Amino acid sequence: MYAVFKRELFSFLSSMVAYITIGIFLLVSGLLLWFFPDTSILDYGYAEMGGFFSLVPYLFMFLIPAITMRSFAEERREGTYELLITRPITLWQIIFAKFLASLVLVFFALIPTLVYYYSISKLGFPEGNIDSGAVTGSYIGLFFLGAAFTAIGIFASSLTKNQVIAFVVCAALCAFAFLGFDYTSQVSALGSIQGNVSSFGINQHYTSMSRGVLDTRDLLYFLSFTMLFLLFTRLTVGGKR
Amino acid sequence: MSISVQNLSKHYNGQKAVDSISFEARPGRILGFLGPNGAGKSTTMRMLTGYLTPTSGAASVSGKNIVSQSIEAKKNIGYLPENTPLYPDMYVKEFLGFVGETYAPGNLSKRIEEVIKLVGLTPEQHKKIGMLSKGYRQRVGLAQAIIHNPEVLILDEPTSGLDPNQLVDIRALIKELGKNKTVIISTHIMQEVEAICDDIIIISKGKIVANNSLEGIKKAYNQDSLEDIFRKLTS
């Protein structure tokens, strides 16, 4: 499993995929957070990172599909899928290796944003006046959100040989998982279950983690969400033989 | 017997790609797998290597069942898929290291050197796979198949697209490997069969129509031309 993980990660790092996606992610988040007046912290006047954390999920909806779209789709198109499947490792190991390699890349994208935390805490008055608990919670939430999106992306990639389709399917599923349940819950015809519907969505759990409260229910939600999509991947990959 | 196949079948939506075939292969002999395109050669090889799951029947490699003990069975197989799929963005040594590590983690640099020498990749060993010519890619494909020194080699059209000089080299290499391994190769080239194979299986429309040694098949049909026998059995 380690061999496949290493190969996946090196192929990200030796191609431009990693640098371009992470670079654009940092560029866009930097511009939105510091430069564009509508969302800029400098214009907002409060030294807090809430704006950043509500923004990143939307960027992830494009960043993560770009990272994961090739994982199975490219192997199937190039025929190397046959080489991979005939290794003496289980399908689960292959899926986990691909999932973890993509997740590490998402993690790499998040690390540089710690600079924002440092700058904002320096900008606060008095200096260092920032809710560190909420920031920690939000980062953990963001990581789990990234894991959930990555699992969706790996699943989308296993559905098709075409990377464009994998990208679009992943972006759409991520958007729906994040916001779709909230919007659906506003349909008044649902009546008394309106509240329950939105608790299926990622947004509610992510927001709850952003407050800095680590609730086991939220962690459990993210873990089972991620596992569910990896299981779907196992079913599509295993079913095609 | 290092490969033993009993009533193996693969159906696609009711179509029988491989229809209940049985055969065996022994160490030290090279088995030629012949048949027209679409006869089920690749499908059979893909089932043996664990890429496809058989619809029915059983097969074992080095005594390990290919379905219930697939991981152990795969460890004993070196496989060169049709059209030699490789990762073009990897370097030759990096790729061989990757394949080797999927069998046994550890330091493989010595074994990689050995294999590179064996298949004649030395002049191109520092290049990216994407930059190699077809002949050298084929050698990389062979190198990854033998990196873990498997008991069984399954080579799906290992010589397709090679020039006459490369053909001779690769055939000599396969012949050499066949001395102490069980080798199954599929091919369309009858001269190749004459040159390297000890046993022959001819498969047509998913069924085995001949299973004999090279001399045996010529005697049985009272013909010296393998091509004529092939055409008689498969058309």
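The model is predicted; local features need pLDDT of at least 70, side-chain atom pairs count only at pLDDT 80 or more, and totals for chains, interfaces and linings use all residues. Residues are numbered from 1 along each chain as its sequence is written, while chains are lettered from A and ligands numbered from 1 in the order in which they are written. Helices (H or I, at least four residues) and strands (E, at least two) are DSSP runs, numbered from the N terminus.

**Sheet of chain B**

- An open sheet of six strands has the order β6-β7-β8-β3-β9-β10 (chain B), with mixed pairing; two strands pair if DSSP finds at least two bridges between them.
- β6 (77–80) and β10 (207–213) of chain B are at the edges with a single partner strand each, so one side of each has no neighbour in the sheet.
- From one strand to the next, the twist averages 15 degrees; angles run from 0 to 180 degrees between N-to-C directions, and axes are lines fitted to C-alpha atoms, for helices over the stretch in contact.

**Strand β3(B)**

- β3 (residues 30–34) of chain B runs parallel to β8 (residues 182–186) of chain B, joined by four bridges.
- β3(B) also runs parallel to β9(B), again through four bridges.
- Phe33(B) has Ser186(B) as its bridge partner in β8(B) and Ile201(B) in β9(B).
- Ile30(B) has Val183(B) as its bridge partner in β8(B).
- Five of the five residues of β3(B) are buried, so the strand is largely enclosed by the rest of the structure; buried means that 20 or more other C-beta atoms, placed from the backbone, lie within 10 Å of the residue's own.
- Ile30(B), Gly32(B) and Leu34(B) point one way from β3(B), and Leu31(B) and Phe33(B) point the other way.

**Helices α3(B) and α4(B)**

- The axes of α3 (residues 92–103) and α4 (residues 109–119) of chain B come within 10 Å and cross at roughly 115 degrees.
- Lys93(B), Leu96(B), Gly97(B) and Gly100(B) of α3(B) meet Arg111(B), Ile112(B) and Val115(B) of α4(B); residues are in contact if their C-beta atoms, placed from the backbone, lie within 7 Å.
- These residues divide into three nonpolar, two polar and two charged; Ala, Val, Leu, Ile, Met, Phe, Trp, Tyr, Cys and Pro count as nonpolar, Asp, Glu, Lys and Arg as charged, and the others, Gly among them, as polar.

**Contact between the chains**

- Chain B gives 20 residues to the contact and chain A gives 18 residues.
- On the side of chain B that touches chain A, α3(B) supplies the largest share, four residues.
- That side of chain B divides into 11 nonpolar, five polar and four charged residues.

Technical notes
Two residues are in contact if their C-beta atoms, placed from the backbone, lie within 7 Å. A residue is buried if 20 or more other C-beta atoms lie within 10 Å of its own, exposed if 12 or fewer, and partly exposed in between; C-beta atoms are placed from the backbone.
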